[in-house]
Amino acid sequence: QEVDMSASNFIFKENDSLTAPWLLLFESTLNSSYPDASYLCIGSKQLGGVFLAVYVKQKYRPMVCDISIGTAITGVMGVLANKGGVGVRFKLFDSTFCFLNAHFNAHQSNVQRRNEDYREIMRNLLFSFPTPNSDVSIGTHDNIVWMGDLNYRVDLSYEEVLEKIAIQDWPPLLAQDQLRNQRALNNVFIDNAAQEESLRVTWTEA
C-alpha cells in the first residue's frame, strides 16, 4: 500500500522499476520462510500507490488457469490513480478466486465517499479475456479476498480512543468502527463474510 505516492505516479499509474524489487522481496521471503514449498507469482499489478501480487505454490501452478488482471480508478474525475483498486483473478481446480487491493478516500467524515469507492470498484473493475463479451465481474467469483487501505475510522475523539486502548477496552471501539457499521447497514461488502475480531485493535498515532 502506498508504494509510490509521487504526483507522477498518480498520472502514469504503473512503474515497473518500482514494483520489480517488491516482487523479488515477496518471492525471496516466501521461499525462505517456507523452504519446503516453492512459490510463483501468477499475477501482479500496480495502480498509483496500490500494488498487488498473488503467489501460488509451484505444485499447484499447473492447476491454475483463466488468470486475468483488472483495475478501477476512483480518484479525481476518475483519472488520477491516487485512489482505486486492482485485482487478480484465477481458477484453481473447479473454484474461482479473486484477490483485490484497494485504497479508499481518507478523512473522518468521508464515509459515504468510501462507500462509493467500494461500489465503483465493484461496478467498474472487470477481468477481460480474448473471447468477445467475456468480461468477468468481481461478484461472480466463488472466493473474494479484499485488502488495502480502506480508510474507515473510529467515530470517537482521539482522546477517547487512546483511553480505551490504554485499558484494552475494545467493545466501545468496535461499536464505533465505521466499516463494521456500514457493513451492518449493507452499504459495503454485502454477502462478504468477515472473521470475528480476535486480535487487539491496531492504531497509528499521526
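How many bridges join E4 to strand E5? The close-ups below come from a predicted model, and the answer is in the first one.

**View 1. Strand E4 and its partner E5.** Nine bridges join E4 to E5 (residues 95-103), with the two strands running antiparallel. Look for Gly84, whose bridge partner in E5 is His103. Two residues sit between the strands of this hairpin, and Phe93 takes a positive phi there, near 55 degrees.

**View 2. Strand E4 and its partner E3.** E3 (residues 64-73) also pairs with E4, in the antiparallel sense and over eight bridges. Here Cys65 stands opposite Lys91 of E4. Strand E4 (residues 84-92) has seven of its nine residues buried, so the rest of the structure largely encloses it.

**View 3. A stacked pair, Phe26 and Phe51.** The whole structure holds eleven aromatic pairs. In this one, Phe26 and Phe51 are stacked, at 6.2 Å centre to centre with 15 degrees between the planes. Phe26 is partly exposed at 28% relative accessible area, whereas Phe51 is buried at 8%.

**View 4. An edge-to-face pair, Trp146 and Phe189.** These rings sit 5.0 Å apart centre to centre, with 90 degrees between the planes. Trp146 belongs to strand E8 (residues 143-149), while Phe189 lies in the segment after helix H6 (178-184), 43 residues away. Trp146 is buried at 16% relative accessibility, and Phe189 is buried at 7%.

**View 5. The ring cluster around Tyr152.** Ring pairs tie Tyr152 into a cluster with Phe104, Tyr118, Trp146 and Phe189. The charged end of Arg114 sits over the Tyr152 ring, 5.5 Å from its centre.

Key: Residues numbered from 1 in each chain as written. Predicted model: local features only at pLDDT ≥ 70, side-chain atom pairs only at ≥ 80, totals over all residues. Heavy atoms only, no water. Buried < 20%, exposed > 50% of the residue type's maximum accessible area, 1.4 Å probe, protein only. Helix = DSSP H or I, 4+ residues; strand = E, 2+ residues; numbered from the N terminus. Pairing = 2+ DSSP bridges. Phe/Tyr/Trp six-rings, centres within 6.5 Å; stacked < 30°, edge-to-face > 60°. Lys NZ or Arg CZ within 6 Å of the ring centre and 35° of its normal.
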